[in-house]
Structures are given as C-alpha cells and as structure tokens.
Amino acid sequence: MSIVFKNVSKSFNGRSVFSSLDQVFEDGKHYVITGPSGSGKTTLLRLAAGLILPDEGTVTRGEDDTFSMVFQEDRLIGHLTAFDNIRLGCRGVKDEVIFRSMEDLLPEEDTDKPVRELSEGQRRRVAVLRACLYPGKVLIMDEPLSGLDENNARNVIEYIEAYVRGKTLIVSSHDLRFKEFCEEIRIPLSQ
C-alpha cells in the first residue's frame, strides 16, 4: 500500500511547515527529499512514519506496513557493540547476515567496540546497517550520510541501493547521487 498524504497541514509554534499537502509515496518505489535546511524534510519523514500527526488532513499507510528509520541522531545504545545494536533492532535476522553486512561498511576491528568509542561516521554506518537489515517494508532515512567522508558516503549509497530492492525508500539528503535510483521530491512542494 502507498503512503498517502491528503490535505495535510502541519505547523510548529505558529509557523506553517505544510498547508493542504497532497503527496503519494508508491509502494516499492524510491524517493529522495531535497531542499534547503529548515524546509520541512524531517517533518515530512516523521509524518510519513507516523511519529507525528498532522494538524489537519490525513496520512494513510498500509495496515501491514512495517517501518525502519535512520534518524538525524543515531539512537544507538552507547555501551553495546555495533553488532549488538544491530541485532537488538533486527531480531530474527541471522547473526551471519549481520556479520556479512557489517563487513561491507565497517572495519573488522570496530565491530566489537562499544559504539560510544566509534567515530560519528562509524556510528552513522551502524544506524544505516540496522535500518537496512530490519525486515520491514518501508525504509525512511533522514540525512543518512551526515558525518561520512566521500569514500564512505559512496559505499553507504551503494549499500542502501542494494538493500532497498522491493522496499519503499524515502530518504532526505543533499547528496545528488540518490537521484540515480530515487525519484526527487523537492521541498518546498507546490501546494
């Protein structure tokens, strides 16, 4: 099922972010949300995931849609290792699958360290791995490349592209490489 915004309005502290917004995110398709900082990208993602409610209008999702999300902040458990953070969020995923995936994005010597000892970019990659490995239908990512150098950003984009086949992806990013496999939705939207 698609995620459908119908006549959605949202404001914070009297400042309108969206007014009468209509937008459809089709099942199994990939979207990149672009636009200047403060334009409403994070609000759009949080509305799509059901983390916040619209002031007016509706956002509908499929009854059996399951979501995973990469937030702007990593939301990792600092004293747990990268592996344990991923396994905690991906119950039912085999340990071998997690280890193989970690090899794609993390140096081997860092997989058993508590994540509080990892760099910002390494923690970001752990958050991306956890979201991608979660067996959900919809993957929402808010600036998943923040804190990554050029080489790691390219690796993460390739990893995301490989893992989202068959899933709905909604990602906010300033990196234009997402446009190679995602439809661009630019904010502010024409409303």
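Predicted model: local features only at pLDDT ≥ 70, side-chain atom pairs only at ≥ 80, totals over all residues.
**View 1. Strand β7 and its covered residues.** Let us start with β7, the strand that spans residues 168-172. Five of its five residues are buried, and the strand is mostly covered. Look along it to find Thr168, Ile170 and Ser172 pointing one way, while Leu169 and Val171 point the other way. In a regular strand, side chains alternate between the two faces of the sheet. Here the residues on both sides of β7 are buried.

**View 2. The neighbours that pair with β7.** Stay with β7 and look to its partners. Strand β3, made of residues 30-34, pairs with β7 in the parallel sense, over four bridges. To find this pairing, look for His30, whose bridge partner in β7 is Leu169. Strand β6, covering residues 138-142, also runs parallel to β7, and five bridges join the two. Here Met141 is a handy landmark, with Val171 as its bridge partner in β7.

**View 3. Salt bridges across the structure.** Side chains of opposite charge can pair when their charged atoms come close. A search of the whole structure finds eleven salt bridges, and a few are shown here. Arg46 pairs with Glu73, and their closest N and O atoms are 3.9 Å apart. This pair links distant parts of the chain: Arg46 sits in helix α1 (residues 41-49), and Glu73 lies 27 residues away in the loop between β5 (67-70) and α2 (82-89). Both are partly exposed, Arg46 with a relative accessible area of 22% and Glu73 with 35%. Arg75 joins them too, in a network of salt bridges that links Arg46, Glu73 and Arg75.

Two further pairs complete the view. Lys29 meets Glu26 in a salt bridge at 3.5 Å, N to O; Lys29 is partly exposed at 39% relative accessible area, and Glu26 is partly exposed at 38%. Lys179 forms a salt bridge with Glu184, with 3.2 Å between the closest N and O atoms. Lys179 is partly exposed, with a relative accessible area of 39%, and Glu184 is partly exposed as well, at 33%.

View 4. Is Asp112 buried or exposed? Asp112 is exposed, because its relative accessible area of 58% is over the 50% cut-off.

Notes
Residues numbered from 1 in each chain as written. Heavy atoms only, no water. Buried < 20%, exposed > 50% of the residue type's maximum accessible area, 1.4 Å probe, protein only. Pairing = 2+ DSSP bridges. Salt bridge = Lys/Arg side-chain N within 4 Å of Asp/Glu carboxyl O.
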